[in-house]
Amino acid sequence: MLDESTWPAFARLVEANGGIFGGCWCIAFHLDPRGPKGQCKPYRETKERLVREGRAQAALVFDGEDALGWCQFGPTADLPNIKNRKNYEAGMDMLPDWRLPCFFVGKGYRKHGVAKLALRAALDEIARLGGGVVEAYPFDVEAVKTSSSFLHAGTVRMFLTEGFELVRQIGKSQWVVRKTIGPMT
């Protein structure tokens, strides 16, 4: 899990990949969607602060000391920003307890199951933390071919394999998927 002890490995992976997605440091989903642009700059320092405060969670996948990728997760209040917000809010029936808004897998490790391992670890951690309704916003790559480097939200197929249900479409190829996770016993 992402915490102060794993921060250095997380930071090395982000830096090795140019700050990821234009230098966002996996902070975009923490932003207030109605707030000013650049509200969390500098992103690296903000992300590190959120990790220290326990408000930035991710299930990291390691090979020895090296982080290969992660699945970001957290309570909806900690991750208020999502892509295609207008479409999402127009058809929203409920807010989930947890969101899984973002994955990242480093260059050279994509298409090797790292995202699926991270997803499973995130779901296990959510169960350990008491469970609840979990929502994610993956892409249907069967409908629209997409480079794996742009699949920041994962794929519909990966989520369906893990027992998520399709709820509704919010973008050209983006869906809301949902699953209820019971508490770990």
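The buried residues of α1 pack against α2, β1, β2 and β3 in this predicted model, where buried means under 20% relative accessible area with a 1.4 Å probe, protein chains only, and contact means heavy atoms within 4.5 Å. These buried residues are Trp7, Ala9, Phe10, Ala11, Leu13 and Val14. An α-helix has 3.6 residues a turn, so residues three or four places apart point the same way. Just after α1, Gly18 takes a positive phi of about 65 degrees. Residues are numbered from 1 along each chain as its sequence is written. The model is predicted, so that local features need pLDDT of at least 70 and side-chain atom pairs count only at pLDDT 80 or more, while totals for chains, interfaces and linings use all residues; side-chain values use heavy atoms, with hydrogens and water left out.

The largest nonpolar core has 24 residues, a nonpolar core being a set of buried Ala, Val, Leu, Ile, Met, Phe, Trp, Tyr and Cys residues joined through side-chain atoms within 4.5 Å. Leu2, Trp7, Phe10, Ile20, Trp25 and Trp70 have the most contacts inside this core. Two or more residues each come from α1 (7-16), α2 (43-52), β1 (57-63), β2 (66-75) and β3 (98-105). The greatest contribution, six residues, is that of α1. Beyond its neighbours within four places in sequence, Trp7 is in contact with Leu2, Trp25, Arg44, Lys47, Glu48 and Val51. A second, separate core comprises 23 residues, among them Val61, Cys71, Leu100 and Phe164.

The protein chain contains five helices and six strands, assigned as DSSP runs (helices H or I, at least four residues; strands E, at least two) and numbered from the N terminus. Their order from the N terminus is α-α-β-β-α-β-α-β-α-β-β. Of the contacts with a separation of 6 or more, 64% join residues 24 or more positions apart.

Along the principal axes, the C-alpha atoms fill a box of roughly 40 × 40 × 35 Å. Buried residues account for 51% of the 185 residues.

Key
Buried < 20%, exposed > 50% of the residue type's maximum accessible area, 1.4 Å probe, protein only.
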